[in-house]
Amino acid sequence: MGSVAPGTLERSAEAPRPASRTRRLRLPWRTLLAAAGGLLLLLAFPGWSVVALAPLGPAALALAVHGRRARSGAWLGLVFGLAFFVPLLSWSGIYVGSLPWLALAGWEALHLAVLGAATAATSRLRLWPLWAAALWVADEAVRGRFVLGGFPWGRLGTSQTEGPFLSLAAYGGVPLVSFAVALTGTLLAAALVALTRSGRRRGALAMAGAVAVPLLGWLAWLPLPGPSLTEGGPTRTVAVIQGDVPQPGLEFNERRRAVLDNHVTGTVELAEAVAAGERPQPDVVIWPENSSDIDPYLNEDAARAISRAAAAIDAPILVGAVVDGPGRFISNTGIVWDPEDGPGDTYVKRHPVPFGEYVPARDFFRLFSDKVDLIRRDFVQGGEVGLLDVGGARVGDLICFEVVYDGLVRDVVTAGAGMIVVQTNNATFGYTDESEQQLAASRLRAVEFGRTVVVAATSGVSAIVAPDGSLAARSGLFEPAVFVEDIAQRDSATVAQRLGAAPEWALTALGAGALLAVVVPALRRRSRRSTA
């Protein structure tokens with residue numbers, strides 16, 4: 001060992017420690033920022049509905065991962081995703097325990113881990129706020145399609161039930177709204193990064209961009225339909241019956257006859273109000289999903305009860321029924337029930353919910369929870385678009401969660417629907433925010449396609465959504481309710497309808513291209529080092 005001058009210490013072995021301690025101190029703050037971003041985004045969604053907070057979520061994630069490696073970005077994205085999805089999806093475990101809830105939230109959060117890694121990797125590129133916003137759209141596109149058909153719940157766009165960003169749904173659907181929210185956030189992040197590095201000019205430009213995006217959204221409202229339900233086409237008088245259920249929870253369908261009777265009673269009472277001149281005569285009556293969990297094709301008593309209601313109101317009823325078959329399956333079905341001819345045209349739900357309406361790999365998942373056997377029989381997947389003629393109304397029928405799938409909604413409008421109907425049953429989610437979150441998706445669809453959206457729920461929230469996304473009528477949870485409104489059968493086509501999924505794929509390609517611009521050179525450098 002060499003000599004050391006008096007009064008000095010040998011520091012060579014210890015020199016890295018202060019820098020290491022600094023790194024350890026910085027990482028938790030980034031983690032806290034990512035968690036705060038997830039919670040801020042949560043506050044923009046129904047339950048809190050502070051929609052203006054939505055851009056702060058992407059802003060916080062962009063700041064947290066800026067300049068970091070992909071591995072660090074993945075961790076921060078996962079933290080963000082868990083902070084957001086665990087509370088957002090808490091309704092999914094309200095009656096079946098925490099395992100399904102946390103598994104679903106964790107799966108969704110993994111997608112945001114990938115987003116965090118990709119955002120970190122591209123954060124050193126020029127125009128990185130643009131690439132980061134496009135990557136949000138790409139992440140949501142993947143999350144909404146894979147695995148088992150995907151689950152596009154909690155997309156940035158569906159937080160925007162009012163305000164400037166909502167208008168953009170008419171031009172590029174939910175993906176364009178998500179992009180605008182994300183871009184506003186990433187530009188805010190870029191402004192802060194620039195200002196902390198004495199880049200005042202860049203910071204001012206980024207801030208100007210963050211202000212310009214919502215301003216464009218306000219301008220985009222100008223040519224769009226307003227809150228009128230009757231403008232834009234010939235009208236039909238539509239009645240919505242929310243019959244309510246005996247009690248919240250999974251047991252509601254053990255009293256199936258009571259649920260059916262509630263909807264029959266609500267319809268007969270409406271008929272009495274019509275006869276007394278207190279309500280207008282409807283052309284169409286909408287019942288919700290599961291309003292008859294007794295198969296009316298097999299049970300004559302159920303069929304007589306529905307026929308009695310249709311005869312009393314003297315209008316066809318769109319009944320939500322569970323129908324036996326084909327084979328070992330059952331079908332979640334909308335049935336047009338005529339007051340004279342009985343059951344006619346039908347729509348079978350095209351996108352049954354995995355683990356809610358059917359169980360893939362049942363024996364495997366039973367190892368984790370016996371709750372899978374609460375689903376005794378699997379629902380079949382329908383194969384035809386839900387366009388139905390009900391009392392002269394061209395109804396685009398969707399059942400429950402189908403409203404969050406872009407392609408399914410686009411299909412019914414493209415097929416000729418003059419109005420959109422969402423038949424849903426949310427009794428299994430109790431007094432949670434699930435109904436409001438689903439209603440938010442319906443409000444986006446109204447603007448996206450310039451159509452009135454009618455939501456009929458067994459126990460709430462039922463609503464009539466005007467073409468501008470505003471609520472013309474709505475019910476509460478677990479109460480009977482009846483709406484009667486004149487609704488135009490529109491045939492106009494929005495830009496979003498004409499373009500279809502093109503804006504989503506273009507933005508996805510933009511984000512993927514930026515990522516490839518980072519990944520491909522990195523792989524080439526690694527290859528050269530390995531062969532040197």
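Author: Let us begin with accessibility, bearing in mind that this is a predicted model.

Reader: Is Leu192 buried, partly exposed or exposed?

Author: Leu192 has a relative accessibility of 44%, so Leu192 counts as partly exposed. Leu192 belongs to helix α6, which covers residues 169-196. The C-alpha atom of Leu192 is 29 Å from that of Pro503, and 311 residues separate the two along the chain.

Reader: How are aromatic pairs read, and how many are there?

Author: Two rings pair if their centres lie within 6.5 Å, and the angle between their planes then gives the type of pair. The count here comes to 14 aromatic pairs. In one of them, the ring centres of Phe151 and Phe401 are 6.0 Å apart. Their planes meet at 45 degrees, so this pair is tilted.

Reader: Are Phe151 and Phe401 buried or exposed?

Author: Buried means under 20% relative accessible area. Phe151 has 12%, so Phe151 is buried. Phe401, at 7% relative accessibility, also counts as buried.

Reader: With which residue does Phe401 form a stacked pair?

Author: Planes under 30 degrees apart count as stacked. Phe401 and Phe429 form such a pair, with 10 degrees between the planes and 6.2 Å from centre to centre. Phe429 lies in the loop between β8 (419-424) and α12 (434-449), so the pair ties together parts that are 28 residues apart in sequence. Both Phe401 and Phe429 are buried. Ring pairs also join Phe151, Phe401 and Phe429 with Trp91 and Trp153 in a cluster.

Reader: How does one look for cavities, and how many are there?

Author: Rolling a probe the size of a water molecule over the atoms shows where empty space is left. In this model the count comes to 4 cavities of 30 Å³ or more.

Reader: Which classes of residue line the largest cavity?

Author: Its lining divides into 7 nonpolar residues, 3 polar residues and no charged ones. Among the lining residues are Phe45, Pro46, Trp153 and Val404.

Reader: What makes up the lining of the second largest cavity?

Author: That lining has 3 nonpolar, 3 polar and 4 charged residues. Asp406, Arg410, Glu448 and Glu504 are among its members. Both α6 and α11 supply at least two residues of this lining. The largest share, 3 residues, comes from α6.

Reader: Finally, in which order do the strands of the open sheet run?

Author: The order of the 6 strands is β6-β7-β8-β9-β10-β11, with mixed pairing. The edge strands, β6 (387-390) and β11 (471-474), each pair on one side only. From one strand to the next, the twist averages 25 degrees.

Reader: How many bridges join β7 to β8?

Author: There are 5 bridges between β7 and β8, and these strands run parallel. Val395 stands opposite Met419 in β8.

Technical notes:
Residues are numbered from 1 along each chain as its sequence is written. This is a predicted model: local features need pLDDT of at least 70, side-chain atom pairs count only at pLDDT 80 or more; totals for chains, interfaces and linings use all residues. Side-chain values use heavy atoms; hydrogens and water are left out. Helices (H or I, at least four residues) and strands (E, at least two) are DSSP runs, numbered from the N terminus. Buried means under 20% relative accessible area, exposed over 50%, partly exposed in between (1.4 Å probe, protein chains only). Rings of Phe, Tyr and Trp (its six-membered ring) pair if their centres lie within 6.5 Å; planes under 30 degrees apart count as stacked, over 60 as edge-to-face and the rest as tilted. On a 1 Å grid over the protein atoms alone, a cavity is a set of points where a 1.4 Å probe fits but cannot get out, and a pocket is an open set with protein on both sides within 12 Å along at least five of seven lines; lining residues have an atom within 4 Å of a point. Grid points are joined across faces, edges and corners, and a volume is the space filled by probe spheres set on the points. Ala, Val, Leu, Ile, Met, Phe, Trp, Tyr, Cys and Pro count as nonpolar, Asp, Glu, Lys and Arg as charged, and the others, Gly among them, as polar. Two strands pair if DSSP finds at least two bridges between them. Axes are lines fitted to C-alpha atoms, for helices over the stretch in contact, and angles run from 0 to 180 degrees between N-to-C directions.
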